[in-house]
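Here are a few notes from my look through this one. Have the viewer open as you read.

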Amino acid sequence: MSTDLQVASALDALNDIEKRRYALYYALASIGWLAETADPPKATPGRGEALAELDARYNELLTGPELGAALDVLRDADGLTWQQRAQVRVASRDRAEQSAIPPELAARWCKLTNEATAAWLEAKANNRWEAFEPYLDRLVALAKERCERIDPGRDPYDVALDQNEHGTDRAFYDAFFAELRETVVPLVHAVERAPQISADCVRGTFDRAGQWELTRDLAFSEGVDPEKLVLAETEHPFSEGIDSDHVFIATHIYPDDVLSGVFSVLHEGGHAMYEAGVDPAFNYTCLRGGTSMGVHESQSRFFENMVGRSRAYAPRLLAAMATHFPDQMRDVTAHELYKACNRSQPSLVRTEADELTYPLHIMVRYEVEQALFAGEVTAAGVPALWAEKYRQYLGIEVPDDRRGALQDVHWSQGMFGYFPTYALGSAYAAQFAHAMAQDLAAAGTPFHDVLASGDLAPVRAWLERNVWQWGRAKEPAQIVADACGEPFDPGHYTRYLTDKFSALYHLG
């Protein structure tokens with residue numbers, strides 16, 4: 001058994017390594033931010049060299065003997081605090097996963113994703129799948145090799161899914177999507193047969209400067225701290241957190257689609273608030289940041305949909321839009337805006353999809369990824385398979401690659417197994433909203449009234465208490481069970497979609 005002196009020394013060593021890892025992460029995240037928002041095209045090779053070197057130093061700290069010795073002492077040590085035990089558990093898992101990947105493979109992966117992201121940007125801009133195609137085949141091959149190293153003998157795609165959401169695999173998602181499909185597909189068909197909702201009240205040109213000011217206002221009104229935020233424009237919206245005092249949001253603005261920018265920033269703001277809401281005691285440790293991609297997406301989808309697209313919040317959203325676009329919004333009512341924000345119609349682009357058809361976009365990507373990992377299709381066959389799936393699930397034809405298989409950045413960054421978490425996160429969000437509504441009602445502050453007031457402090461307080469503060473110290477399933485008083489139940493999501501869209505479209 002380790003002595004008190006050995007345990008204290010091991011804790012000091014662990015915390016020292018954690019701070020050095022944080023410094024490298026800070027540099028890596030900042031370079032990634034610049035790559036998406038500011039770097040010129042010719043910066044790609046130099047950025048790749050810098051990323052590979054920093055990533056190698058990061059991996060050396062994680063897999064080196066110094067951390068291994070500290071964890072060996074601490075793994076069975078008595079007298080550790082709850083936070084210290086969680087830190088040992090998470091650091092041990094991170095170390096085990098990274099130790100399985102040789103440095104040479106890690107370097108190749110880092111350089112390839114850097115090059116592939118630049119190639120994707122160019123391919124999308126020029127609407128040329130062929131320019132990205134060879135990178136996708138290489139990415140899939142290398143991703144499979146990484147997964148096989150991490151968990152030999154297990155299906156590589158199951159490993160990829162688990163990497164993004166611990167405790168999940170294809171069996172989990174197959175069951176989840178089967179339940180979702182039973183509700184969403186007939187509901188979409190019923191909506192298509194019903195009288196359609198107009199979105200004319202938000203059509204037209206909305207100037208970029210006004211939209212940018214609206215973007216800032218919405219981020220701050222939903223609760224993002226302006227003193228913690230860096231805000232920029234990018235092709236594909238994303239967010240990142242350095243620690244609880246430093247978050248990034250990159251969003252887009254389309255002059256002919258004001259709602260795209262509105263819901264993009266509300267979505268990314270949910271991610272940013274999660275990162276900023278983690279217990280500051282976890283800063284500079286492996287417990288910093290969100291626990292999983294599914295829980296992360298639950299926060300973005302919650303603020304995008306349960307708040308931003310709610311009937312109760314519509315007057316507040318209208319007031320914000322009218323402040324910057326008084327002429328266009330002068331004769332618009334809150335009810336008209338609510339209906340326009342929730343108009344459901346099969347579409348091509350996932351990020352612009354309505355709340356009801358959105359999970360169908362995720363099912364397409366889930367099935368295409370499985371085919372790629374199983375060797376049933378190569379990159380050359382992806383556009384055709386993509387088009388086939390869009391006909392099958394959404395009943396529409398894909399006219400070009402830009403609005404087809406090139407629309408998302410994720411594959412270029414090696415993020416296989418990520419897409420299913422968007423649908424899972426939406427389901428988590430519905431379950432959180434159900435539990436939150438019960439708790440707020442019991443406290444005398446009904447959820448609807450909180451949204452209508454525009455003061456979202458009670459919403460943020462519930463999420464901070466039940467989700468945000470725990471960072472990576474709790475696993476996804478535990479977060480859901482502790483917050484909601486029950487295990488994950490996708491029925492909350494299917495009931496939410498059924499109730500909302502049946503009311504909107506007057507379905508019997």
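1. Start with the lining of the second largest pocket: by class it comes out as 9 nonpolar, 5 polar and 5 charged residues. Keep in mind that this is a predicted model. The volume of this pocket is about 490 Å³. There are 19 lining residues, and those closest to the pocket centre are M306, S310, F447, L451 and Y496.

2. Which elements give two or more residues to that lining? They are α11 (293-307), α17 (420-442), α18 (447-453) and α21 (491-504). Helix α21 gives the most, with 5 residues.

3. Next, have a look at how α9 and α10 sit together. Helix α9 covers residues 208-222 and helix α10 covers residues 258-277; the two pack at an angle of about 35°, and their axes are 9 Å apart. Their crossing is right-handed.

4. As for who touches whom, α9 brings Q211, L214, T215, L218, A219 and E222, and these meet V258, V262, V265, L266, G269, G270 and M273 of α10. Sorted by class, this contact has 8 nonpolar, 4 polar and 1 charged residues.

5. Last, a single residue. A118 lies in helix α5, which spans residues 103-126. Is A118 buried or partly exposed? Its relative accessible area is 22%, so A118 counts as partly exposed, given that buried means under 20%. Also check P41 while you are there: A118 and P41 are 77 residues apart in sequence, yet 7.5 Å apart in space, C-alpha to C-alpha.

How values were computed. Residues are numbered from 1 along each chain as its sequence is written. This is a predicted model: local features need pLDDT of at least 70, side-chain atom pairs count only at pLDDT 80 or more; totals for chains, interfaces and linings use all residues. Side-chain values use heavy atoms; hydrogens and water are left out. On a 1 Å grid over the protein atoms alone, a cavity is a set of points where a 1.4 Å probe fits but cannot get out, and a pocket is an open set with protein on both sides within 12 Å along at least five of seven lines; lining residues have an atom within 4 Å of a point. Grid points are joined across faces, edges and corners, and a volume is the space filled by probe spheres set on the points. Helices (H or I, at least four residues) and strands (E, at least two) are DSSP runs, numbered from the N terminus. Ala, Val, Leu, Ile, Met, Phe, Trp, Tyr, Cys and Pro count as nonpolar, Asp, Glu, Lys and Arg as charged, and the others, Gly among them, as polar. Buried means under 20% relative accessible area, exposed over 50%, partly exposed in between (1.4 Å probe, protein chains only). Axes are lines fitted to C-alpha atoms, for helices over the stretch in contact, and angles run from 0 to 180 degrees between N-to-C directions. A crossing is left-handed if the near helix is turned anticlockwise from the far one by less than a right angle, and right-handed if clockwise. Contact means heavy atoms within 4.5 Å.
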